[in-house]
Amino acid sequence: MSFTGRISLDAFDSSHGGSSESPEIHTLYRVSGSLALLSCIGALFVIITFITIKDLKKHPTRMIFFLSVCDVLFSLKYLVTAVLPHSDSFQTKRVACYLQAGIQQFFGLASIGWSGMISLNLIISTSRPFENTSTYSKFYHGWIWSYSIVTSAILFKNYDVIGPSGDGTCWIKAEDKPLLLMFFIPLLAYFSISISSLIIAAISTRNKSLTSSTTNNSWSDRNRTGMLLRMSTYTLVFIVCWAGPLAHRISQIAGHHDAPNQASVLMFFDAIGVSIQGFMNALIWITNPSILRGFLDNIMKYLPFSKKFIKDGENTPLIRSLQDENQDPTQLAVMLRNNILTCSLRGIVLSVNDNLNLSNSSSLNNQSHIGGDIHQHLPFDSLSSSPSTSNSNPINYNNNNNNNNNNNNNNNNVNNNNNNNNNNNSNDNFDNLNEQFKVYTEKELFKDIFDISPDTNMGSHKFKDYCPNIFAKIRALNNITPSDYLKSFDSSLFFENLSNQKFSEGKSGSFMCFSPDNKFLIKTITRQESVLLKKKINNFYNYLVKNNHSFLLKFYGCHKISMPNDHTIYLAIMSNVFGTIPQGIKIRERYDLKGSKVNRGGNDPLFKGDGLGLDLDFVNFRKFLNLPDGFSHSIIQQLKNDSAFLTSLNIMDYSLLIGVIPNNEDFKKKLIESGGNINNILSGSNLNNNNNNNNNNNNNGSSSSSINNNNGHGSGGLLKGSFTNSSLISNSFDFSNGIISADEKEIYYIGVIDILQLYDFSKKLERFLKVYLFRKDGNGISATRPEPYKQRFLKRMNEIIKNKNYKHKSATQQYNNSIINSNNNYYHNEEEVLFDT
């Protein structure tokens with residue numbers, strides 16, 4: 001039967017002024033319409049404040065923005081119905097009835113969907129505080145919009161089920177129970193998720209940990225109560241607003257029939273609940289500290305006379321409570337992270353103190369450990385080359401057939417091994433040190449700070465310290481004393497500036513935070529990366545002994561923290577590539593270069609160095625690093641050694657991180673204020689001065705030199721001496737302090753990062769899917785075998801460093817030619833690349 005055949009188009013009574021509205025229906029429309037007007041205004045307020053207040057344009061407040069968009073459009077259904085005359089006749093008109101049903105199904109379902117996803121996001125951030133929940137945004141959008149579209153399509157495909165729904169408007173008719181379930185089963189699921197989020201938050205914050213007492217940002221019982229109260233209010237508003245429609249539909253499914261042209265109590269509950277939810281959400285929205293603060297600032301900006309009244313109002317307990325970020329549910333994950341980080345800081349202290357003897361005996365000042373000859377830190381092939389040699393090959397870690405080169409190095413290797421005998425004898429089963437670990441309970445972590453009795457109620461966090469002996473040796477190798485290391489992780493200073501905590505801009509989304517002095521980085525790693533680091537840390541140590549100025553990221557600790565819910569977090573302590581930049585100096589440009597071209601930037605023609613640039617962004621905007629000629633080849637040589645070492649460990653997907661800052665007076669001023677010395681930064685003039693001293697050093701028979709800067713102010717500057725061999729030069733300069741450009745207008749900071757990715761099954765699968773399923777260029781994607789990855793990476797390095805070989809070519813042409821050459825050499829057999837281990 002057709003729609004028009006089942007519903008009369010002349011349902012209204014002309015004898016009553018063209019309207020058949022009963023007093024009850026009339027009241028229902030006016031009440032629901034008035035509330036819908038408030039909801040529309042409230043939702044528009046949320047949208048406007050989200051757009052105008054910069055601090056709100058982030059996850060998870062972005063989810064509330066989409067919820068408000070749905071609320072605006074959903075409330076229009078009731079607002080328009082209340083305003084237009086003869087509203088009850090819309091249920092008998094095809095277009096109007098279809099429009100009402102479509103709005104209810106799509107935007108109503110999307111609205112409850114966003115409410116449910118907000119609660120789900122809170123559960124994830126509470127149970128996994130170190131996980132970047134913004135990575136779930138695509139899932140949230142995909143689920144909400146796809147389910148709304150699919151169910152709306154099903155509704156209109158079965159258009160005969162559209163009709164009066166019992167609340168004075170059109171939707172699914174009461175007797176069509178299966179289609180009603182498409183809406184209310186998800187609603188019940190979202191109810192459960194919202195209630196669960198409240199319960200999980202209450203449990204997670206139930207036991208007050210002693211960790212809060214060790215930080216300036218303590219989490220008091222008052223803050224916990226305020227936070228839970230806000231969460232309870234949000235959950236209660238969502239449940240109450242939709243409890244009326246749910247009860248009404250359950251009664252309809254149970255057999256209750258609404259009388260025509262009459263409004264029952266359930267109909268009022270139904271219409272009032274769904275029409276007011278936008279307004280209630282806006283009231284909760286304004287309790288967000290960032291929103292209230294931004295809103296009040298804008299009022300004072302455009303209405304100066306209100307400044308006095310607002311300032312007085314901010315002293316009231318209510319306003320102070322609303323502006324307290326510690327009571328904001330979105331900050332719950334931050335609080336939990338701070339608790340876990342505090343446990344980690346205490347664990348680091350205990351780990352260092354437990355290995356003090358090893359750290360002191362392994363100090364670089366102890367010549368029995370490293371030896372007085374600097375050649376001991378250099379690659380074996382560098383030792384075999386005479387000072388007059390102009391070129392040398394990097395260490396070949398993969399090819400075992402270079403017998404001639406190895407024979408030439410035998411004598412030097414023997415000497416080097418003899419120099420290390422004392423150290424080897426002092427290392428008890430050094431190869432097995434990577435199996436060592438120690439576990440600290442929360443009581444053990446804080447027993448030296450508090451008087452803890454056996455009955456003290458504490459959390460059940462556990463801190464596991466991996467390979468403490470080897471990491472202590474690596475710290476000593478880099479002249480990091482235990483006292484300096486612990487000073488960098490002082491918990492009393494660590495949480496003063498929470499802006500140093502952020503999630504990685506890369507695909508991993510790892511959490512990272514910097515030490516207050518910016519020297520070290522704490523970063524979450526995966527379990528697989530943790531296993532690799534523990535397994536290969538001995539290899540890293542041996543390599544760093546011979547390449548003490550390697551560009552590779554240095555690892556200073558590996559830890560595991562177990563939460564009360566048995567969730568585990570793996571943390572690595574590592575060096576910061578930009579750690580020597582004075583605090584207060586903003587990095588003007590940052591780049592992450594792999595050598596690949598697929599999904600590596602270049603899509604923004606207006607890119608001007610803002611944000612993190614990738615390979616093609618660098619090619620299009622900067623093109624090359626303007627390095628002094630004396631450093632270009634030595635840097636490439638060290639990068640060859642570093643990439644060869646990573647290849648020997650079956651590691652790929654690493655990248656060169658570049659930071660560019662202006663060499664201006666502000667930088668020099670802040671450098672001096674921080675206790676630095678401009679002479680510690682490498683420049684062309686430093687190199688010239690260093691080369692001028694070569695003859696004097698040779699006449700004195702010096703094969704190595706002490707570490708001094710031009711003013712003779714201790715360590716950290718240039719290694720002066722006769723190092724014409726490129727490998728020796730690359731190991732003789734500490735590039736971590738920065739490199740002044742050839743025109744002396746900029747300073748570059750570089751380092752190789754992301755060095756814990758094996759070419760394992762996941763990468764092989766990624767390559768297979770990208771090449772054969774998504775039809776990506778197999779020669780331009782990042783996922784490839786370590787050897788061709790190394791070659792492509794080094795070709796990119798040669799292109800970005802200004803030298804005579806690439807001087808007259810455009811950067812883009814250099815890049816394309818290098819890719820073609822790399823392709824011809826390494827991709828003859830695609831199946832072998834994909835599956836050969």
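This is a predicted model: local features need pLDDT of at least 70, side-chain atom pairs count only at pLDDT 80 or more; totals for chains, interfaces and linings use all residues.

Modeller: Setting aside neighbours within four places in sequence, Ile635 makes contact (heavy atoms within 4.5 Å) with Phe551, Leu627, Phe735, Ile739, Ile750 and Ile801. Residues are numbered from 1 along each chain as its sequence is written, and side-chain values use heavy atoms, without hydrogens or water.

Ile635 and Ile658 have the most contacts inside the largest nonpolar core, a group of 101 residues. Such a core comprises buried Ala, Val, Leu, Ile, Met, Phe, Trp, Tyr and Cys residues joined through side-chain atoms within 4.5 Å; buried means under 20% relative accessible area with a 1.4 Å probe, protein chains only. Helix α22, residues 527-546, is the greatest contributor to this core, with 8 residues; helices are DSSP runs of H or I with at least four residues, numbered from the N terminus. Another core lies apart from it and has 54 residues, including Tyr29, Trp171, Tyr190 and Cys241.

In the protein as a whole, 53% of the 837 residues count as buried. Of the contacts between residues at least 6 apart in sequence, 75% join residues at least 24 apart.

Confidence must also be considered. The protein has an average pLDDT of 75, and 70% of its residues score at least 70. Residues 694-730, however, have pLDDT below 50, although the model gives this stretch 89 contacts beyond near neighbours in sequence. Residues 804-816 likewise stay under 50, with 15 contacts beyond four places in sequence.

Technical notes
Buried means under 20% relative accessible area, exposed over 50%, partly exposed in between (1.4 Å probe, protein chains only). Helices (H or I, at least four residues) and strands (E, at least two) are DSSP runs, numbered from the N terminus. pLDDT is the predictor's confidence in each residue, from 0 to 100.
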